Amino acid sequence: MSGDRWIRLLAAAALFACLPVAAPTASAPATADPPAESPSREEPARSERSGGRDEPPIQLDTEAMDRKAGERAARELQETMGLLERPELEAFLRRVGARLVTQAPPRRFDYEFHIVDQDAPNAFALPGGFVYVSRGLLALTGSEDELAAVLAHEIAHVAARHAAAQQKVAQALPGLLRWLAVGELARYSREQEEEADRLGQQIAARAGYDPAGLVHFLEQLENAERLELGGSRIPSFLDTHPSTRRRVAEAAHRAQTELAAIPRLAPVAPDRTAYLRLLEGLPVGESAAEGIFRGQLFVHPELGFVIRFPDGWDTRNTPLAVGARDLRHRAQVFLELQGAGADPRAAAREFLTRPENRGFSVERMEPATVGGSPAWRVIGRIGSPEGTVGVHLTFVARGGRIYRLTGAAVGFDRFRELLGVFHGVARSFRPAPPDLLAEVTELRLRLVEAAEGESLAELSARTGNALDLDRTAVLNALWSDARLGAGQLVKIAVAEPWRPELSSAR
Ligand SMILES: [Zn+2]
């Protein structure tokens, strides 16, 4: 159940090692396109550089090491991003994946295919055969051929061992820096992308799929990115997979020439309708079970609390923590669940005596009341490779659980200036009012049949589609002024009241 996952993982989160905040450029995905000559195998990723650690690059020489390193990274990734559990869709993904793998260069490990709970359209692979697609990417696909193209591209990265070069990034990110850096995995070089396109398209074609699936999907993705479907600031597939236009042209050329003669086989899903039906029910946008943002206000319906983050700060919610960061001021504030308990002072003591928090010096501590609950506040500092980090900790006991709110800033003077901000965030942490909880809904993907000659706007009005016209058009690879045919299937998103049993059944 997703709420439990949140609780369990928050308790396991480490803290202080991670405080150096990523360089401001990390929030500007537009600059993600690496220069063509970028030797990415040797180039440390941004996040690693900004982590300020001087570890030698980790060499991954064998497939066995790929697998081992991949397993660790997969665990971390699943904890920070969360996986979507949808048995039918996952089983389908595995069948398509298995069919593709038979056409990939032989490897000694088994491939795994998972759905990450991310709204941004995204796909990525870890060494050792771990392949992930986001729910946002799945929602965007219009056919099994498109999905196969994406999976084959990622399989190609794994088979060509491009991912081995990425792995050192995940290993170099300690504790909660990972939380901040999720989605900022190392970029592949342009050469590696071209190789993955070429090899992936061959794999898909030989597995009996239409090699033009890659062309259609890349075009679809480009439209979606233009609309910022999902509104996420997390880098998506296009950021990690640059230079789309040329890739589309080359993929189209290959589909029409060298791959054109390869015979097609019947897909896994009997037809397009069966494929689209598999996508029904996928959350669209934020999924409410893990909490949702209303502007800077965060509501967690399962745990029943609200908290408000500072205006203008970049908010983020992951299974590990919810919080906000201000890159300009190299500051962050985030809320975690420390575990079960009723005594905030004891919780503070337990936390501060953990080995990873050695070196933390307390300046002040005092009892407090937060949202009507007993709390304990600790202000102190700790050294880091980036300089002194000021830390504002609030331990709150509520409902048999200990929550820990951490405000931190690099540079003690700057930290002092932000004390009022951190106090404000702590004060805003309170039980969610019932009327606010009653309003929590989540969007779910639904399929509806069009009437003859109906426009998308008419269909949206008739079916209660919560997405605007442009988004609906992109989701369906249609023009916004398209006239639909009788029985034509259209993907929409419907707001459904958040219900605990629904989200825990996912
Ligand atoms: Zn790629």
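How many residues does α6 have, and how far does α6 reach from its first C-alpha to its last? In this predicted model, local features require pLDDT of at least 70 and side-chain atom pairs count only at pLDDT 80 or more, while totals for chains, interfaces and linings use all residues. Residues are numbered from 1 along each chain as its sequence is written.

Helix α6 has 16 residues and reaches 22 Å from its first C-alpha to its last, close to the 22 Å expected at 1.5 Å a residue; the expected span is 1.5 Å times one less than the number of residues. Helices (H or I, at least four residues) and strands (E, at least two) are DSSP runs, numbered from the N terminus. A residue is buried if 20 or more other C-beta atoms, placed from the backbone, lie within 10 Å of its own. Since 16 of the 16 residues of α6 are buried, the helix is largely enclosed by the rest of the structure. R161, which follows α6, has a positive phi near 60 degrees.

Helix α6 (residues 144-159) lies across β1, β2 and β3 and runs at about 30 degrees to β2. Angles run from 0 to 180 degrees between N-to-C directions, with axes fitted to C-alpha atoms, for helices over the stretch in contact. These three strands form an open sheet of mixed pairing in the order β1-β3-β2. The edge strands, each pairing on one side only, are β1 (112-116) and β2 (123-126). On average, neighbouring strands of this sheet are turned by 20 degrees against each other, direction ignored. Two strands pair if DSSP finds at least two bridges between them; β2 and β3 (residues 130-134) are antiparallel and joined by four bridges. A125 stands opposite V131 in β3. Helix α4 (residues 87-101) also packs on the sheet, touching β1 and β3, and its direction makes about 140 degrees with that of β1.

The protein chain as a whole contains 19 helices and 17 strands, and 49% of its 506 residues count as buried. Of the contacts with a separation of 6 or more, 72% are between residues 24 or more positions apart, a contact being two C-beta atoms, placed from the backbone, within 7 Å.

The mean pLDDT (the predictor's confidence in each residue, from 0 to 100) of the protein chain is 79, with 78% of residues at 70 or more.

Terms used
A residue is buried if 20 or more other C-beta atoms lie within 10 Å of its own, exposed if 12 or fewer, and partly exposed in between; C-beta atoms are placed from the backbone.
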